[in-house]
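Have the model open as you read.

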Amino acid sequence: MNRRLLPTLLVALGLLAVPASAPAANVKVAVGIGDQSPKMFADANWKALGLKKTRYFIHWDAGSKPGELAKADDFVDAANKAGVKVLMHLSTNNLVERKAKLPSVAQYKKAAKTLVTRYKAKGVKEWGVWNEANHKTQPTYKNPKRAAEFYKAFKGLCSGCKIVALDVLDQAGVEKYIASWLKAAGPAGKSAKIVGIHNYSQVNRRITEKKASGTYPGTARIIKAVRKKNKKAKFWYTETGGLANFGNAFPCDRARQANRTKFMFDLVKKYDKDVERLYTYNWFGAGDKGCEGFDAGLVEENGDERPAYAVFKSGLKSYSR
C-alpha cells in the first residue's frame, strides 16, 4: 500500500487517533474537596481535577480573632483566584471533646453577622450554620434546640445565600438529634433547603444500607429522618472520604483508604435524587510521613499522590464539578 495514502484512508475510516474528550457526567452530584490550606489551589494534582467547589470551616467567633481571619482570608482569596466557590461552615472554637462553650443565640448571631459581612463581600454565598452539630467536639452536641435557634438566627443574615441548615455525623443517636432539631426549628426546619451529612462511618466501614446498624446509621436513614418533617430538602455530603488513619479503628493504611474512596462514589450514586453535592475531606495528609491523627488526605503533605488520589480522579469523571 502507498504509505502516503494511508493517513487519508485512516481519516476516511475514522481510525486516526484523536484526543479523547472527557466523559459526560452521568451522576448529577457536584463534587468538591474541603481543606484548610490555601496551598491546595496551587497543587498541580489538584488543578488536574478541574474542581470548582471547596469547603472551609471557621471558628464561629473568628471575627474577634485576627489570626483566624487572616487564615480564612488567605483561603478565600486563593479560592477566588482559582475560580472556586467556597462553602464556609461555622464550627467550634475548641476541638477538645466536650470542652467547647456553647454560645448564646445573641452571641452567635453577632459573630455570624461579622463573618457574613466580611466574606460575602469576598463572594462567599454558601454557608453552613454549624459544622457536625451532633458530634462531641461541638458545643451543640447535646443541644439540638440551640442548633435550631442558630439556624433561625442565621437565615436573616445572608440574603440570596445557600445555607446548610443542619449538619450531622452518621453516629448513634443521629435520628433522635434530627427529630429534636426539626421540632425546635418548627416551620423554619420544615422549609430548610439544605441538610449536611458526614457519613464517615458508613463509608469507612463499608456499611451497606441493608447492614446499617443502630450504632452506625446509614445515609438513607438520615434522609428518612429529615423527610418525616421536611419533604423537599436536598442533601449535601459536606464532609466525607476515605480515612488513611484515625485512632485505633482505622490504623494507617493507604490501600484501605483508596478502597473506601471508591466505595464513597459507589454509595452516593444510590441517592442522586436526594443528594446534590459531595465534599470529600481533605487534600493534604497529616505529618511528614502521613498517617498522624486524623488523616484523610488524597495526597501526602508534600503533594505526592496517594493511591486514593488516582481512585478519586477516576471516580470523578462520572460526576459534576
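A charge counts as sitting over a ring if NZ of Lys or CZ of Arg is within 6 Å of the ring centre and within 35 degrees of the ring normal. This is a predicted model, in which local features need pLDDT of at least 70 and side-chain atom pairs count only at pLDDT 80 or more, while totals for chains, interfaces and linings use all residues. Residues are numbered from 1 along each chain as its sequence is written, and side-chain values use heavy atoms, leaving out hydrogens and water.

**Charges over rings**
- R277 lies over the face of W236, 4.0 Å from the ring centre.
- R205 is placed over the face of Y216, at 3.9 Å from the ring centre.

**Aromatic pairs**
- Searching the whole structure gives 16 aromatic pairs; rings of Phe, Tyr and Trp (its six-membered ring) pair if their centres lie within 6.5 Å, with planes under 30 degrees apart counted as stacked, over 60 as edge-to-face and the rest as tilted.
- F41 and F75 are edge-to-face, because their ring centres are 5.1 Å apart and their planes stand at 65°.
- This pair links distant parts of the chain, 34 residues apart: F41 is in the loop between strand 1 (27-34) and helix 2 (44-47), and F75 is in helix 3 (residues 66-81). Helices (H or I, at least four residues) and strands (E, at least two) are DSSP runs, numbered from the N terminus.
- Y151 and W181 form a tilted pair, with centres 5.9 Å apart and planes at 35°.
- Here Y151 belongs to helix 5 (residues 144-155) and W181 to helix 6 (residues 174-185), 30 residues apart.

**Burial**
- Both F41 and F75 are buried, meaning under 20% relative accessible area (1.4 Å probe, protein chains only).
- Y151 is buried at 6% relative accessible area, and W181 is buried at 1%.

**Cluster**
- One aromatic cluster is formed by F57, Y200, F246, Y281 and F294.

Technical notes:
Buried means under 20% relative accessible area, exposed over 50%, partly exposed in between (1.4 Å probe, protein chains only).
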